Amino acid sequence: MRRPLVMGNWKLNGSKAMVADLIKGLDAQLAGVEGVDAAIAPPVMYLDLAEQLLGKAESKILLGSQNVDVNASGAFTGDISPEMLKDFGATHIIIGHSERRDYHAESDEYVAKKFAFLKEHGLVPVLCIGESEAQNEAGETVAVCARQLDAVINTQGVEALNGAVIAYEPIWAIGTGKAATAEDAQRIHAEIRAHIAAKSEEVAKNVVIQYGGSVKPENAEAYFAQPDIDGALVGGAALNAESFAAIAKAAAVAKA
Ligand SMILES: O=C[C@H](O)COP(=O)(O)O
């Protein structure tokens, strides 16, 4: 049985006060909620504070990050290494988000390199994949997702997906309020799982596939009712403790 994972990607939002408030609210809202892993990825600047606050509260909330770079140390100005993330207690690291692919020209190969680097350092890659609106309209959704996945599978073997997380995020649904229907998302998740199953049924059966793109408390239950949707990667709604907790609770109930 796959354990659901609901992860909040705070993107470029936050301040010390906001981090403290949000973590306090999340801890209160999520206390006693079983059957789901909840993770947060604040801006890297606030990992230290988040780690301290979670530690003080003896929180069950997992800590993550929104990115990693591909060098361990040395003359790489501005880069962040896996060991630095580990040093602050981050375990779940988002890579390949469409905002990184688009605004920072990150290729499938570069994202795959990050994937391998995280695995090498014992961290959990949360690999984002998904199609643009134009690709969706052209009927290329499954091919795009397969290509993005194959960048990892063909270089590292399908077993590299063991213990990793895949986040299917149709780009046109991110931050737009125009979420994919639960049925459409399920169809793509099933295709993604089938693509992996063609290489290994065991890996496909166990890999957690999250949906991301305008997930809100109002639509969360419908996603989690689908057999191949194992959680969510949440942007906007993760900036409010009550909304994020409601989504996490919906996953716990649906997957119990
Ligand atoms: O990483 C999260 C996604 O990009 C979804 O963002 P959103 O929930 O604001 O649409």
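I take buried to mean under 20% relative accessible area, and partly exposed to mean between that value and 50%. I keep in mind throughout that this is a predicted model.

**Two histidines**

I looked up His 97 to begin with, and found it in the loop between S4 and H4. Its relative accessible area is 4%, so His 97 counts as buried. Leaving out residues up to four places away in sequence, I list Asn 9, Lys 11, Cys 128, Glu 169 and Ile 174 as what His 97 touches.

I then turned to His 195, which lies in helix H8.

**H7 against H8**

The axes of H7 (residues 141-156) and H8 (residues 182-197) come within 10 Å of each other and cross at roughly 40°, and I recorded the crossing as right-handed. From H7 the contact takes in Thr 141, Val 142, Cys 145, Ala 146, Leu 149, Asp 150 and Ile 153, which meet Ile 188, Glu 191, Ile 192, His 195 and Ile 196 of H8. Sorting the residues of this contact by class, I have eight nonpolar, two polar and two charged.

**Nonpolar cores**

The largest nonpolar core holds 70 residues, and those with the most contacts inside it are Val 6, Leu 26, Leu 161, Ile 192, Ile 196, Tyr 211 and Phe 224. Helix H11 (residues 241-254) gives the most to this core, with eight residues. A second, separate core has 12 residues, among them Ile 94, Cys 128, Val 208 and Leu 233.

**Helix H5**

Phe 115 took me to H5, where I found Asp 108, Val 111, Ala 112, Lys 114, Phe 115, Phe 117 and Leu 118 buried. The buried residues of H5 pack against helix H3, strand S4, helix H4, strand S5 and H7. I checked the length of H5 (residues 108-120) as well: at 1.5 Å a residue its 13 residues should span 18 Å, and its end C-alpha atoms are 18 Å apart, so the two values agree. Just after H5, Gly 122 takes a positive phi of about 75°.

Terms used. Residues are numbered from 1 along each chain as its sequence is written. This is a predicted model: local features need pLDDT of at least 70, side-chain atom pairs count only at pLDDT 80 or more; totals for chains, interfaces and linings use all residues. Side-chain values use heavy atoms; hydrogens and water are left out. Axes are lines fitted to C-alpha atoms, for helices over the stretch in contact, and angles run from 0 to 180 degrees between N-to-C directions. Helices (H or I, at least four residues) and strands (E, at least two) are DSSP runs, numbered from the N terminus. A crossing is left-handed if the near helix is turned anticlockwise from the far one by less than a right angle, and right-handed if clockwise. Contact means heavy atoms within 4.5 Å. Ala, Val, Leu, Ile, Met, Phe, Trp, Tyr, Cys and Pro count as nonpolar, Asp, Glu, Lys and Arg as charged, and the others, Gly among them, as polar. A nonpolar core is a set of buried Ala, Val, Leu, Ile, Met, Phe, Trp, Tyr and Cys residues joined through side-chain atoms within 4.5 Å. Buried means under 20% relative accessible area, exposed over 50%, partly exposed in between (1.4 Å probe, protein chains only). The expected span of a helix is 1.5 Å times one less than its number of residues.
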